[in-house]
Amino acid sequence: MIKPKNILCSLVLIFSFLLRNQTIAQSNRPHIIIIYTDDMGIGDLSCYNSGWVTTPHIDSLAAGGVKFNNYYSASPVCSPSRAAITTGIFPTELGINTYLHSREGNKKHEQYDFLDPQWPSMARMLQNSGYKTGHIGKWHLGGGRDVDDAPQITEYGFDEYVTTYEGPDPDKLITASNWIWSEQDSIKRWERTGYFVDKTLDFLSRNQKSPCFVNLWPDDMHDPWIPSENYYDDKQAWTGKEAFVQVLKEYDKQIGRLIKGLKDLEIFDNTLIIFTSDNGAYPTFEQIRTNSQRGAKNSLYEGGVRMPFLAHWPNEIEAGTVDSETVLSSVDLLPTISYITGAEIPQNYKGSGENMSKALLGNKPQKRTTDLMWDFGRNKHFNRPKQPHHQSQHLAIRRGPWKLLVNSDGSKKELFHLGDDRNETTNIAKKHPEIAEELSSKVIGWFTTKKKVRE
């Protein structure tokens, strides 16, 4: 018989062991940097494309970590995409439907003027668990134009921030005018990512005693592309392929500077870097920027929402991992990062994603248990690609290999099997009527009951 005293001693030893390991885990929690590139297509990185352009520094993140081939943004345009990655909730349920602009424009698009700070926030969740938090770069979740009552970025859980004109209290060095860039900016358009990298490294260097979370959200991969002052007067070149390639190469160079800076601070090995894009490319240069996928920015076809996604963390992720099975979404990042860091999710939180930490850490692919759903373009005021072939219905849903697009009135139903038809060329809704009807009912029901509409 085991004596009570021995049982008590064993329990004390077990408790001490668990407590010690929890302390070790807490002390080694990773720094986290989410690099959210503006308007980068999946074909813009040479670790995904056929070599038409090279991005060696960004490619090194893929080579040293895990690359996903089935990652989706929650929207084909910036503000709703950013709202979703911030909250882990589909943007239609947040009332952010397209890019935030003037009050009148927001009203036409049936959306609010800014993301309500009462929604859960990844930054606030991490801040409450002991992380130092910083937002550096484009915000576009409220502020700018004639919206002068948007909440400060600190209200979303950030200790510090530096942002552009599309946010409250923009940095004056990069905001000489109320537009994306100006010749009068102290920090020139082609210097902005370097400026944001400097700010990121400065934030990390000042907070080395704490784990840090940084949104690094550069905006210079969004057109107009101004690679040097020689382009000031040539407006036709601002959306041309030559200017784009030059800007991309400078962008890649600055990601290399970030990597070097992390190594100089001796925190590179314990930093989780997530590299992705907010939405699809436009212009696509004959779909080369989408890897021939149908669609583009402002479209729910694959070219508008299927993005590059790299995760790099030398202490935990095995180098050279490629995941072509897991269907991952931006709404998964909040529950996944919560699990990895031990940060507590609010008890009443009802997110749209799921914990995909096994896949994110490169351990093994995971099968989704939830559907991915999108809503974009519900009325005539929304932007769309110029080519009709790339213009999509306003609702979409993916379940396993199946993807369906449809309008909320049930019209223009299209079903694709992405395992067989990645470029969405052949509508097979009539061949699989039961699947088409089930997915159509699901996404229309979601839209009808969950959408938030500005009154």
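User: Where does Glu110 lie in the chain?
Analyst: Secondary structure is read from DSSP runs: helices are H or I runs of at least four residues, strands are E runs of at least two, and both are numbered from the N terminus. Glu110 lies in the loop between helix H4 (103–108) and helix H5 (122–128). This is a predicted model, so local features need pLDDT of at least 70 and side-chain atom pairs count only at pLDDT 80 or more, while totals for chains, interfaces and linings use all residues. Residues are numbered from 1 along each chain as its sequence is written, and side-chain values use heavy atoms, with hydrogens and water left out.

User: Is His140 buried or exposed?
Analyst: His140 counts as buried, at 1% relative accessibility. This residue sits in the loop between strand S3 (132–137) and S4. Its phi is positive, about 60°, although His140 is not a glycine.

User: Which residues are joined to Pro224 and Pro283 by a cis peptide bond?
Analyst: Asp223 and Pro224 are joined by a cis peptide bond with omega of about 10°. Pro224 is in the loop between S5 and H7. A cis peptide bond also joins Tyr282 and Pro283, with omega of about -5°. The loop between S6 and H8 holds Pro283.

User: What does Gln293 contact, leaving aside its neighbours within four places in sequence?
Analyst: A contact is a pair with heavy atoms within 4.5 Å. Gln293, found in the loop between strand S6 (271–277) and helix H8 (302–305), is buried with a relative accessible area of 1%. Beyond its neighbours within four places in sequence, its contacts are Ile42, Gln287, Glu302, Gly303, Arg306, Arg422 and Asn423.

User: How many salt bridges does the structure hold?
Analyst: A salt bridge is counted when a side-chain nitrogen of Lys or Arg is within 4 Å of a carboxyl oxygen of Asp or Glu. The structure holds 28 of these salt bridges. One of them pairs Glu160 with Arg206, the closest N and O atoms being 2.9 Å apart. Since Glu160 lies in strand S4 (residues 160–162) and Arg206 in helix H6 (residues 192–206), the pair ties together parts that are 46 residues apart in sequence. Glu160 is partly exposed at 32% relative accessibility, and Arg206 is partly exposed with a relative accessible area of 45%.

User: Which residue forms a salt bridge with Arg189?
Analyst: The partner of Arg189 is Asp219, with the closest N and O atoms 3.6 Å apart. Arg189 is in the loop between S4 and H6, and Asp219 in the loop between strand S5 (212–217) and helix H7 (241–264), so this bridge ties together parts 30 residues apart in sequence. Arg189 is buried at 2% relative accessibility, and Asp219 is buried with a relative accessible area of 4%.

User: How far apart are the closest N and O atoms of Asp375 and Arg378?
Analyst: The closest N and O atoms of this salt bridge are 2.6 Å apart. Asp375 and Arg378 are both buried.

User: Which residues are linked in a network of salt bridges?
Analyst: Asp38, Arg82, Lys138, Arg145, Glu166 and Asp278 are linked in such a network.

User: How many helices and strands does the chain have, and how do I read its overall form?
Analyst: There are 11 helices and 13 strands in the chain. The radius of gyration is taken over C-alpha atoms, and the globule rule is 2.2 Å times the number of residues to the power 0.38. The chain has a radius of gyration of 22 Å, close to the 23 Å that the globule rule gives for 455 residues, so it is as compact as a globular protein of that length. Along the principal axes, its C-alpha atoms fill a box of roughly 80 × 60 × 45 Å.

User: What percentage of the chain's residues is buried?
Analyst: Buried residues account for 60% of the 455 residues. Of the contacts between residues at least 6 apart in sequence, 69% join residues at least 24 apart.

How values were computed
Buried < 20%, exposed > 50% of the residue type's maximum accessible area, 1.4 Å probe, protein only.
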